[in-house]
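Please read it alongside the sequence and the model.

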Amino acid sequence: SWFSKIPNFIIDRLQQTISPIAFRVFIYLNRKANFNEKHNHYGMCWVSYAEINEVTGISIDNMRRYMKELVDAGFIIHDQSRQHFGTKYTTTNTYEICWMKKLTKLKALSHVAGV
């Protein structure tokens, strides 16, 4: 996709509640998320810490802290799963962007209410 859509009030609230580095992580996750409402993985993405580091320059060593910041603020749901392949383990990070689903539900409710 050539652009990302994040409502201004979300950006304003984010800047008031999280650190600038966590904000950069959130922007990147939004860029990677699938926002096709007809798709089963709506608002979700699978991105490694290494990929986030490569694009944003944010240290992998500090990534957990910024993810926790975003989770605690209610902007993402972050899940990690580990798979065992032979002698190696691989970790998969699943992110769900919360603001878009909430906004979609509010929009649907306003149409039902006739607003």
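## Asn-93 and its polar partners

The side chains of Asn-93 and His-78 are joined by a polar contact of 2.9 Å, and a polar contact of 2.8 Å joins the side chains of Asn-93 and Gln-80. A polar contact here is a pair of N or O atoms within 3.5 Å, of which, within protein, one must be able to donate a hydrogen and the other to accept it, while residues adjacent in sequence count only if both atoms are side-chain atoms. Asn-93 lies in strand 3 and has a relative accessible area of 6%, so Asn-93 is buried (buried means under 20% relative accessible area, exposed over 50%, and partly exposed in between, with a 1.4 Å probe and protein chains only). Not counting residues up to four places away in sequence, Asn-93 touches Cys-45, Trp-46, Val-47, Ser-48, Tyr-49, His-78, Asp-79 and Gln-80, where contact means heavy atoms within 4.5 Å.

## Basis of the model

This is a predicted model, in which local features need pLDDT of at least 70 and side-chain atom pairs count only at pLDDT 80 or more, whereas totals for chains, interfaces and linings use all residues. Residues are numbered from 1 along each chain as its sequence is written, and side-chain values use heavy atoms, with hydrogens and water left out.

## Overall organisation

The protein contains 5 helices and 3 strands, which follow one another from the N terminus in the order α-α-β-α-α-β-β-α; helices (H or I, at least four residues) and strands (E, at least two) are DSSP runs, numbered from the N terminus. Of the 115 residues, 32% are buried, and of the contacts between residues at least 6 apart in sequence, 54% join residues at least 24 apart. The protein exposes about 7900 Å², of which carbon and sulfur atoms supply 54%, the areas coming from the Shrake-Rupley method with a 1.4 Å probe and, for residues, only the protein chains shown counting as cover.

Leaving out residues up to four places away in sequence, Tyr-95 touches residues including Leu-29, Ile-52 and Met-67.

Helix 2 (residues 20-32) has 13 residues and should span 18 Å at 1.5 Å a residue, which agrees with the 19 Å between its end C-alpha atoms; the expected span is 1.5 Å times one less than the number of residues. Buried residues of helix 2 include Ala-22, Phe-23 and Tyr-28.

A search of the whole structure finds 1 aromatic pair. The ring centres of Phe-26 and Phe-75 are 5.7 Å apart and the planes are at 65°, so the pair is edge-to-face (rings of Phe, Tyr and Trp, its six-membered ring, pair if their centres lie within 6.5 Å; planes under 30 degrees apart count as stacked, over 60 as edge-to-face and the rest as tilted). This pair links distant parts of the chain, with Phe-26 in helix 2 and Phe-75 in the loop between helix 4 (63-72) and strand 2 (76-85), 49 residues apart.
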